[in-house]
Amino acid sequence: MALVFRVAMQFVGLLVSLLGWVLSIITTYLPHWKNLNLDLNEMENWTMGLWQTCVIQEEVGRQCKDFDSFLALPAELRISRILMFLSNGLGFLGLLASGFGLDCLRIGERRQELKKRLLIVGGTLFWTAGIAALVPVSWVAHVTVQEFWDETMPEVVPRWEFGEALFTGWFAGFSLLLGGCLLNCVACSTHAPLASGHYAVEETQTRCLYLENGTADPKV
């Protein structure tokens, strides 16, 4: 029963982390980090992402323009690009490490201590990826709030508001944190090394051969 629960928790942690990693990639390229609605023209909406700015008009449709220069971007957008790429890369490495550390995987079945370390490494990578995703999203949200309530700007000037990508990024970051926490908790829980039926039968057959030949089993 404990084995089934441990394997199930490993799968849950890996699936939650996978969901967070996919959402983190989507957040990186979504052009909806900020939204701007014009009161003078309600049929025209503006959106901004890390890579481009888009205008949505009812008659024309969506038109997007990429940012010309990386250095010309605000500091929060420049750092957000780097941190989101870092989050995506760490999440991928976490998937590889934790995937090979699953108890249900037959590769390295006899090396349970190595599997445990791989799970811990994978969980730590997911934790780091989650933090790397939460920092830029929260930073952009903080700057948006500051600019929205800036009293030095005239009230007639339109204000940027939260876009859908910010909420997707928050969900991705917390999913990565939760998945990494589950994997670390399962890996750090004390358990005896698994005894595989395949290896148990093989070891029994080997001992029988030693008895038939009249030689001593070197493992005893």
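Helices (H or I, at least four residues) and strands (E, at least two) are taken as DSSP runs, numbered from the N terminus. The model is predicted, so local features need pLDDT of at least 70 and side-chain atom pairs count only at pLDDT 80 or more, while totals for chains, interfaces and linings use all residues. Residues are numbered from 1 along each chain as its sequence is written, and side-chain values use heavy atoms, with hydrogens and water left out.

Thr-53 has its place in strand S3 (residues 52-57). Leaving aside residues up to four places away in sequence, Thr-53 touches Trp-46, Thr-47, Met-48, Gln-63, Cys-64, Lys-65 and Phe-67, where contact means heavy atoms within 4.5 Å.

The structure holds 1 disulfide, a term for a pair of cysteine sulfur atoms within 2.5 Å. This disulfide joins Cys-54 to Cys-64, with an S to S distance of 2.0 Å. Because Cys-54 lies in strand S3 and Cys-64 in strand S4 (residues 61-66), the pair ties together parts that are 10 residues apart in sequence. The torsion about the S-S bond of Cys-54 and Cys-64 is about 105 degrees, and the disulfide is therefore right-handed. The sulfur of Cys-181, by contrast, is 4.0 Å from the closest cysteine sulfur, in Cys-185, which is too far for a bond.

Relative accessible area is classed as buried under 20%, exposed over 50% and partly exposed in between (1.4 Å probe, protein chains only).

| Residue | Relative accessibility | Class |
|---|---|---|
| Thr-53 | 17% | buried |
| Cys-54 | 0% | buried |
| Cys-64 | 38% | partly exposed |
| Cys-181 | 31% | partly exposed |
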